[in-house]
Amino acid sequence: QDSKSHTEKFITRFARIYTPIVCGIALALVLIPPLFFGGDWHEWIYRGLSALVVSCPCAIVISVPLSFFGGLGTCSREGILVKGADHLETLARCDVGVFDKTGTITSGKFEFVRCECVHCHCIDKHNHRELLRIIAACERLSTHPIAKSICLAFGQFADDCVVTDAKNYAGMGVSAVVDGVRYYAGNEKLMQKIGVPFTETQLVGTAVYCCTDTEFLGDIVFADIIKTDSREAIDRLHHMGMKQAIMLTGDRESIAADIAAKAGLDGYYAKLLPEEKVQRVQALQQQGHTVLYAGDGINDAPVLSRADVGIAMGALGSDAAIEAADVVLMDDDPKKIVKAIKISRKCMRIVYENIYFALGIKAICLVLGALGIANMWMAIFADVGVMVIAVLNAIRALFVKNL
Ligand code: ADP
Ligand code: MG
């Protein structure tokens, strides 16, 4: 009930005015001509009753929610969970798409590139096993895609570590006490926050730097690849009239630029903290745009709930994201965003077709009935007939072509 679409709410408000007005018209038709113009009572009671039958709003009241049910059903068949008709309606209006990088545009499965151990304290100098061990231990409790990839690759080195007091720095990294020493693992921002001098890596990729409270230890560099469908999804969004497609990321500038170019995005903002992502989306909304935001919800659940429509990646995403989002994609295919918009637009088209068609036919029959041209049969067509046609039309929301 809470997530009824605006159109449904409008219909409810509309009924509040509509019902007394049409009842008034019918009563006026029955009373005024016989009383003041010497009309035949039988004839005008008949016309008044026809007017009541014509104006019965079933066609709209039934077909509008039904169209939304159809749209929601089509979405769920495609693996898109939409949490209410109002989101379907807003989705059809979205003109700016904002995307998180990791896990949304890119796969979120990081491939190890290289490890650079600066002040090498490693026991095993050859492959910096000690550094990898510390970072893997710090990342053990994090759910970030980087953390998952690190644990997958090097988790076994850290099996014997005792990890306590783990902390998460949203948009920056993590920290934990490993075997009694506090370590930090994250991006440049985290190193700057801790205040240890560090050297930025020259390698292309997402870097995870590691330090203690006083000393920089080194970094490992990972590369994330763009999802195979991202480019096509963005192109199709542009083609459908989406004005801008923008990427927000907490990652480095160079990677953001590279991924944005590969995905065909209109722009990107890098090195953002979660709250800065919210500000970017708010700025777009203040410019009058209806903003769609797609993310995995790790560090971006606030944006998901702030955007006009928040779309969460359901497979890779966090529970917080699935909770905060309006739309959940059951697998993380970005093309599903295109599908959802297509379905929502078709659904809204059907809703408006039904409203205009029903009100149009009713207005015509009302006038014809009052003039005595239309009889009760026509009135019944304007009521039940129009309703059946509107319902059949609403069922089209179940069939969306070329998804
Ligand atoms: P995005 O989803 O755009 O990559 P996030 O806000 O999730 O943005 O993360 C921003 C950056 O913070 C990441 O690119 C990474 O450098 C760093 N980061 C976040 N979480 C971790 C973590 N668990 N381990 C290491 N680095 C992290
Ligand atoms: Mg993210």
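Ligand 1 sits in the largest cavity. The model is predicted, and the distances below are computed from it.

On its own, ligand 1 has 540 Å² of accessible area, and the protein covers 99% of that.

Now look at the shell itself. There are 21 residues around ligand 1. Of these, seven are nonpolar, 10 are polar and four are charged. Thr 102, Glu 139, His 144, Gly 171 and Thr 249 come nearest.

Next, follow the polar atoms. Thr 102 places a polar side-chain atom 2.5 Å from an oxygen atom of ligand 1. Glu 139 faces a nitrogen atom of the ligand, with a polar side-chain atom 2.5 Å away. Lys 277 also takes part: an N or O atom in its side chain is 3.3 Å from an oxygen atom of ligand 1. Each of these pairs counts as a polar contact because the cut-off is 3.5 Å.

Leave the ligand and turn to the aromatic rings. A search of the whole structure finds 11 aromatic pairs. One of them joins Phe 112 and Phe 222.

Terms used: Residues numbered from 1 in each chain as written. Chains lettered and ligands numbered in written order. Predicted model: local features only at pLDDT ≥ 70, side-chain atom pairs only at ≥ 80, totals over all residues. Heavy atoms only, no water. Near = heavy atom within 4 Å. Polar contact = N/O pair within 3.5 Å; in protein donor to acceptor, adjacent residues only side chain to side chain. Areas by Shrake-Rupley, 256 points an atom, 1.4 Å probe, with all protein chains shown as cover. 1 Å grid on protein atoms, 1.4 Å probe; cavity = no way out; pocket = protein on both sides within 12 Å on 5 of 7 lines; lining within 4 Å. Sits in = over half its atoms within 2 Å of the grid points. Nonpolar A, V, L, I, M, F, W, Y, C, P; charged D, E, K, R; others polar. Phe/Tyr/Trp six-rings, centres within 6.5 Å; stacked < 30°, edge-to-face > 60°.
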